[in-house]
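Dear colleague,

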Amino acid sequence: MQRTYEDPLALNNVLCYFLTLSWLLCDFSRSDIDCWNCVTHFSVRHVYALLFFCLPISGTSNGSVLVYNLTSGLLHKELSVHSCEVRGLEWVSLTSFLSFATSSPNNMGLVRNELQHVDLPTGRCFAFRGERGNDELPIEMIKVSHLKQYLVVVFRDKPLELWDIRTGTLLREMAKNFPTVTALEWSPSHNLKSLKKKQIAAREAMARQTVSDAEQSSVESSVISLLQDAESKSETNQAISAREHFVFTDTDGQVYHITVEGNTVKDGARIPPDGSMGSIACIAWKGDTLVLGDVDGNLNFWDLKARLSRGIPTHRGWVKKIRFAPGKGNQKLLVMYADGAEVWDTKEVQMVSSMRFGRNVNYRILDIDWCTSDKVVLASDDGCIRVLEMAMKSASYRMDEQDLTDPVWCPYLLLPRAALTLKAFLLLQPWSGTFTMDITQVDMKSVLQDPELSLLQRCLLISRLFGDESDLNFWTVASHYLQLFAQARQLSVITEGGSEETQPSSQNHLDICHDILCESSYFQKSQLDRVHLQEVKRSSYEHTKKCADQLLLLGQTDRAVQLLLETSADNPSYYCDSLKACLVTTITSSGPSQSTIKLVATNMIANGKLAEGVQLLCLIDKAADACRYLQTYGEWNRAAWLAKVRLNSAESSDVLKRWAEHLCSPQVNQKSKAIMVLLSLGCFYKVGEMLHSMRYFDRAALFIEACLKYGVMEANDSSNILFCGPVITLNVSYVTKDSVGA
């Protein structure tokens, strides 16, 4: 089973208490929270209550820390903690963790180390090491002890530091001759239970001494028990410092043992290196089993109780990380390599499953951990967190396995035929005068059943629900121009009837993202605004020249002349710009001058000066000829742009129609774009024919029906043939589907 979470949604009322990998039992409460750069590191917490939840924290390359709920696949919190890439994370309590990051090294190889203590419910952060961290060697790793009492900070080429997490004090900074640490792990064993028993026994003895024999007989044993429990809890939280110990290896492979108890740090046994192992890269310890991995891909399994060891060469290269699975008696081991991961059974000392980049997956693993006792969680270089079964094979899973806060609307989870049938059902119901639905769990149900919802509004809504970008663009443009031409048609009828002539309202313009498809007046205004913005921000002669050229094409000759005259005398183009400014200022509309300029422009175009020739033609109001020259030389987009900003409606329409024919040619074959151009021209019948020829039967039928309703197309034999053909085809397909289902 594999779950991939790429774009998580906002999550409210989710668990906010977390436990460590030792799998403790606890209650949990709910809290309201507010809602990916590549994930680089993460650490996992588990919670047991009525339900099982797994919540990892993930460090990203931009310094943020993400907290996810893997049961629902939703983002729990995003915290901005560091100013550089997160290098490691460690939980230190039920609701707080440590995170460290290192900046880029300076000329001396020193960096700024950031070690932050983060409180998850509030998001409060503070520097755990205080003022330390500036201009020092980078932190390689941090390791928190199993009881969350102590912290080891390991540096590159510098002795490690030992901290007390509870008080935030530095216990020991090792001497300069301390060996270089290559791998480190805390032991899961400690003396906390024996300490608690001794303290309870001592308190009972003190209580019995202070209570007389007579008084003791009159006091209920249950009251004494409650008092002892309360004292036990308070003192345990205040003063108990259990003894914990950790092991680490140096560059030679020698294993060192260190014991920590309160403020006391003692050296322990030293185990000489194993000749079959290279430089140790990581260590994992659970129960009586200690596993070491080296840079050559060897795994060494130590049975501490039987005092036996067994080396296994994996031939996979550097062992990056090893982790034991949670749960008592669970001896499964997760191993991470540069090219993948493996799961091992340490009892039988054999591999259970394997994953390798390029063989069965196309992503690289950046970090690993256990999600549950039998499921693995991976962070990969494509920015995803994946939850897999122990076999680590990709597989689908049921949507109802996710604990989602809201119903999911995603038609593409359906079979393709079912999704298309649902889309057609929501769009058009010609057998009924009113729209009916038998669909549950759809937020837009009341909207779709609204009798006031027009066909165009319905088409836009369904295209958004289905995430169909092509459909959405088509119906956005179609809706705008159908309403615009329908309004113009009504005004022309009113004018012919003797009423006062008025102009169609153009308050609602098509969004400028549609560019040339917008109305000419609005498009021209947006281009002027764009040139003015570029003019304000110009910083070089080339930038100024481009602005002047655009202003000439837009007919803004006065401002263009001002820009041309700004050319400095030491500029090589000073003479040409000055002459051009004189030409633009003194140009007249007389016949001889126009003939001369047109002849010069034609010669310039013939000799490869297309842009200059087009400018001259625009100066004498021959923009239509300029557009024809641009189209002749294959500059179709520039011709359409010029037609939109300089030509009247009829001339612009001719230019754009020739462009649409060019787009439909076999050499170009951009019929979808041609349809959008024809929509902006009001050639609705041609649009219907092209949709039909492209076998977009559903879109053609809906478009023709919308045209008939808006009165921009008359119901004649041609339109009936065009409209009825797709509808009959759709009805036949419905009957076929029903018969197959029966």
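How much space lies in the second largest cavity? About 40 Å³ lies there, where a cavity is a set of points on a 1 Å grid over the protein atoms alone at which a 1.4 Å probe fits but cannot get out, and lining residues have an atom within 4 Å of a point; grid points are joined across faces, edges and corners, and the volume is the space filled by probe spheres set on the points.

Before going further, please note that this is a predicted model, in which local features need pLDDT of at least 70 and side-chain atom pairs count only at pLDDT 80 or more, while totals for chains, interfaces and linings use all residues. Residues are numbered from 1 along each chain as its sequence is written, and side-chain values use heavy atoms, with hydrogens and water left out.

The second largest cavity is lined by Y541, T544, K545, A548, L563, L564, T567 and D577. Helix α9 (541–553) and helix α10 (557–565) are the elements that give two or more residues to this lining, and α9 gives the most, with 4 residues; helices (H or I, at least four residues) and strands (E, at least two) are DSSP runs, numbered from the N terminus.

The largest cavity holds about 70 Å³ of space, and its lining divides into 7 nonpolar, 3 polar and 2 charged residues (Ala, Val, Leu, Ile, Met, Phe, Trp, Tyr, Cys and Pro count as nonpolar, Asp, Glu, Lys and Arg as charged, and the others, Gly among them, as polar). Among the lining residues are I280, L292, N300 and W302.

As for the sheet, it is open and has 4 strands in the order β20-β21-β22-β23, with antiparallel pairing (two strands pair if DSSP finds at least two bridges between them). Strands β20 (280–286) and β23 (308–313) stand at the edges, each with a single partner strand, so one side of each is left without a neighbour in the sheet. Even so, 7 of the 7 residues of β20 are buried, meaning under 20% relative accessible area, with exposed over 50% and partly exposed in between (1.4 Å probe, protein chains only). β20 is joined to β21 by 6 bridges, W285 having L290 as its bridge partner, and in the hairpin of these strands, with 2 residues between them, G287 takes a positive phi near 60 degrees.

Lastly, helix α13 (residues 610–619) has 8 of its 10 residues buried, so the helix is largely enclosed by the rest of the structure.

With best wishes

How values were computed: 1 Å grid on protein atoms, 1.4 Å probe; cavity = no way out; pocket = protein on both sides within 12 Å on 5 of 7 lines; lining within 4 Å.
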